[in-house]
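Please open the structure in your viewer and keep the sequence panel beside it.

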Amino acid sequence: MSDFKLPDLPSDDELGITDEDREKYGDDLPNDGPEMSAEEMAALLGGTPRASSPTREPSSSKPPKEKKSKGRRGEKSVDEPSEPTSSGDDGGAAAGRPRALEPEGPRSRWRGALTLAALLAMALMASSRTGQPRPVPANAPDTAFSSARAMSVLVDIARRPRPIGSPEHARVRELLLDRLDELGFETEVQTTTALAELDGAARAATVRNVVGRLAGTSPTGAILLVAHYDSRELAPGAGDDGAGIVAILEAARALRAGPPIRNDIIVLFTDAEEPCLCGAQAFVAEHRWMDDVSVVLNFEMRGGGGSSLMFETKDQNGWIVRALQNADPPPYANSLAYEVYRRMPNNTDFTVFKEAGVQGLNFAALDRARVYHQSTDRVENLSESTLQHHGVGALSMLRHLGDVDLAEVDAPDSAYLTVPILGIVVYDGFWAVPISGILLAAALLAWLLARRQGVRVAGVVTGFGVALLGAGLAFGVGLWLRTWIAGFFPETGSLAGSVLHSEGWWVVCGAAAAFTVVTTLYGVSRRWLGALELALGGLVVPLGLAITASIYVPLGALNLQWPVAAALLSVLLVALLGPRSVG
């Protein structure tokens, strides 16, 4: 031992050690021991020596006592070598500092709260409810779409219900003809008897379609804009489909205020959509302008609010979906909706054109479904923000399609989805199976790396069971909440399209309950299972579903593939950079 004068050591108060700490950890701190340097003593107690402290002779040397801590369960004695902690600290425990006195760093203290905040922020960014444009006032520039101007027209259209053959139906028809005439369209009323099959039954109606055409400068084809102007018997039809009508009229007005476009525009306000899609059938079968149509844009509404969604295309949609990327702001689009909708029995006017081989896009909004086909489908129940989103999409697509070559509008199917900030991301649909192959290879690599970290097969199998149990418990809690909430609201079960008049907060409540159940279950499971075991076990079902979807619903597989890819990347990083231990 060198001749070293031990300086004054910090007091308990200076080190922040309270009486409670002394009572709790006193047995872990040696009361006396061998002569040691100030640095060694500071390392033991977690403090730092004061350089300016006066020196003094050490106390009388006594032979060191071999004293061990009492060793509470889950803690190591001071004399035992400490293992590095998974939080990546500086190895203080290994240097002799008792683990019980290791300060809890801000990373571990705030990790849970920060993770929750990040998840909430991403959910808000990704929600279609937060991506709608603001309504635009009536004094906006003439070339801009204004929801206020469109709403003023809608008030006149949606005064009362307008089923086919009614006086209100005839009044609105004349109003639409006048509006198209004012915009410079060549207009006419197509009157004919149409026959259609719907739900296995033959239906017929005398239809009066309102049709208008605006000539382009050097057309390569025509863009057809479609909405229906009839409504259900009891519904004023502000949303279904007055919103589609005024979105087209205001978009056409804004387009006319700008420079002329290359291609022709045809506006079709169909009749008898509600009973049989007969108006669309009549146009496809008989109208002379049908042969000029290259692309159709149909505007529908199944409610009274929410974002404008592009939910349906024809097959070979690669060209038209890439054209959709030019919309600003983009509608919400996801190719899973295309995969789902084409397997459903639902129909719109777009169905007729799709079956006729015309390429195009189908738009609708789905929120406030309780007003759909009801007497409450009035102007005051329609979101002006939804109308703005509907209209700017129509105007943006008109401007883009109006100046491109429409000679060839088919291309191999694309997978697509709307991503916050990036807009609509599109890639060829044939990548679905190769991406699943890459995910499977990444999962195997993650397994091999995890095995090097000591991950047990039994642990992964148990983690798989925990994932299944969590899904089952979350579903059960959500089902119980729905039943419990329903007891407080007499309208439950009597509304069309929704359980309650306003469901938003109840949906958030259900999601929060499911999140709480799953995180609690995983937190308890961490007592016996490592993070990698739980992660790998939890990935089994999503990975299997992603691979299956890439085979049977390839354009919808991206909704599973990319979340699985993000999870696998996280597992690989932990397996590569984390400590070599299970937990």
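**The whole chain**

Begin with everything displayed, and keep in mind that this is a predicted model. Coloured by secondary structure, the chain shows 18 helices and twelve strands. If you colour by burial instead, 42% of the 583 residues count as buried. The chain exposes about 30000 Å², and carbon and sulfur atoms supply 59% of that area. Among the contacts in the chain with a separation of 6 or more, 79% are between residues 24 or more positions apart.

**Helix 15 and helix 16**

Next, select residues 457–486, which form helix 15, together with residues 504–525, which form helix 16. How are these two helices set against each other? Their axes lie 9 Å apart and the packing angle is about 150 degrees, which makes helix 15 roughly antiparallel to helix 16, since angles over 145 degrees are classed that way. The crossing of helix 15 past helix 16 is right-handed.

To see where the two helices touch, show the side chains of G463, V466, A467, L469, G470, L473, A474, V477, L481 and I485 on helix 15. On helix 16, the partners to display are W506, C509, G510, A513, A514, V517, V518, L521, Y522 and S525. Coloured by residue class, this contact of helix 15 with helix 16 divides into 16 nonpolar residues and four polar ones, with no charged residue.

While helix 15 is still displayed, pick out L479, which has its place in this helix. Is L479 buried, partly exposed or exposed? With a relative accessibility of 47%, L479 counts as partly exposed, because that class lies between 20% and 50%. A distance drawn from the C-alpha of L479 to the C-alpha of G510 comes to 8.8 Å, although 31 residues separate them in sequence.

**Helix 7 and helix 13**

Now hide that pair and select residues 238–256 for helix 7 and residues 384–401 for helix 13. The axes of these helices come within 8 Å and cross at roughly 45 degrees, so helix 7 and helix 13 are oblique to each other. Helix 7 passes helix 13 in a crossing that is right-handed.

The peptide bond that joins D240 and D241 is cis, with omega at about 0 degrees.

**Two loop residues with positive phi**

Move on to Q316, in the loop between strand 8 (309–313) and helix 10 (318–324). Its phi is near 60 degrees, a positive value in a residue other than glycine. Q316 is partly exposed, with a relative accessible area of 36%.

Finish at R368, which is found in the loop between strand 10 (359–364) and helix 13. What is the phi of R368 near? The value is near 55 degrees, which is positive in a residue that is not glycine. A relative accessible area of 34% makes R368 partly exposed.

Terms used: Residues numbered from 1 in each chain as written. Predicted model: local features only at pLDDT ≥ 70, side-chain atom pairs only at ≥ 80, totals over all residues. Heavy atoms only, no water. Axes fitted to C-alpha atoms, helices over the stretch in contact; angles between N-to-C directions. Helix = DSSP H or I, 4+ residues; strand = E, 2+ residues; numbered from the N terminus. Parallel < 35°, antiparallel > 145°, perpendicular 65-115°, else oblique. Left-handed = near helix turned anticlockwise from the far one by under 90°. Contact = heavy atoms within 4.5 Å. Nonpolar A, V, L, I, M, F, W, Y, C, P; charged D, E, K, R; others polar. Buried < 20%, exposed > 50% of the residue type's maximum accessible area, 1.4 Å probe, protein only. Areas by Shrake-Rupley, 256 points an atom, 1.4 Å probe, with all protein chains shown as cover.
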